[in-house]
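Hi,

Here is the model I promised to pass on. Have a look at it first, and my notes on its charged side chains follow below.

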Amino acid sequence: MAIYSKTNNTASGFITLLSLLIAGAVGLAIAVSLITLGVDYSKSALVSEESVLSKSLTSSCAEEALERIRENQNYSGSGGINFGQGNCTYQVLNLGGQNRQINASGSVRNSIRKAKVLVNQVSPLIRASSWQEVADF
């Protein structure tokens, strides 16, 4: 027959309870960290998607401007297109002779992308000498 001490059982119970509390706190900290990382990843993915979409809209408006030049070689002016998730605008500047500059911008929520297209020939075919993304026109 074993003899148990009340002091031993109380200390053992306290250590077990303390161990469970520490393990629970560590588990909670890990869970909160994983949730925070997941939220941040979702936000980053959304921003990236908006950026890619706004770049596509910018290209669409630049192509629209090139079509306007194809229809009328003397065209200069501006326009835009509204899409479901964003919009884009373009401006065609006549730089003299066959030289044109197209400034195009696409935006989706907080993402704005811009491109500048330099055209050095409009007849018989349109030839762009450069097409580059820019921070500002």
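Predicted model: local features only at pLDDT ≥ 70, side-chain atom pairs only at ≥ 80, totals over all residues.

Residues are numbered from 1 along each chain as its sequence is written, and side-chain values use heavy atoms, with hydrogens and water left out.

By the salt-bridge rule, the count is six. One of them joins Glu-133 and Arg-113, whose closest N and O atoms are 2.3 Å apart. Glu-133 sits in strand β5 (residues 127-134) and Arg-113 in strand β4 (residues 111-121), so this pair ties together parts 20 residues apart in sequence. Strands are DSSP runs of E, at least two residues, and helices are runs of H or I, at least four, both numbered from the N terminus.

As for accessibility, buried means under 20% relative accessible area, exposed over 50%, and partly exposed in between (1.4 Å probe, protein chains only). Arg-113 is buried at 17%, whereas Glu-133 is partly exposed at 42%.

Another salt bridge pairs Lys-114 with Asp-136, at 3.3 Å between the closest N and O atoms. Lys-114 is partly exposed at 21%, and Asp-136 is exposed at 55%.

Finally, Arg-68 and Glu-71 meet at 3.5 Å, N to O. They are three residues apart in helix α1 (residues 6-71), about one helical turn. Together with Glu-64, they are linked in a network of salt bridges.

Best wishes

Conventions. Salt bridge = Lys/Arg side-chain N within 4 Å of Asp/Glu carboxyl O.
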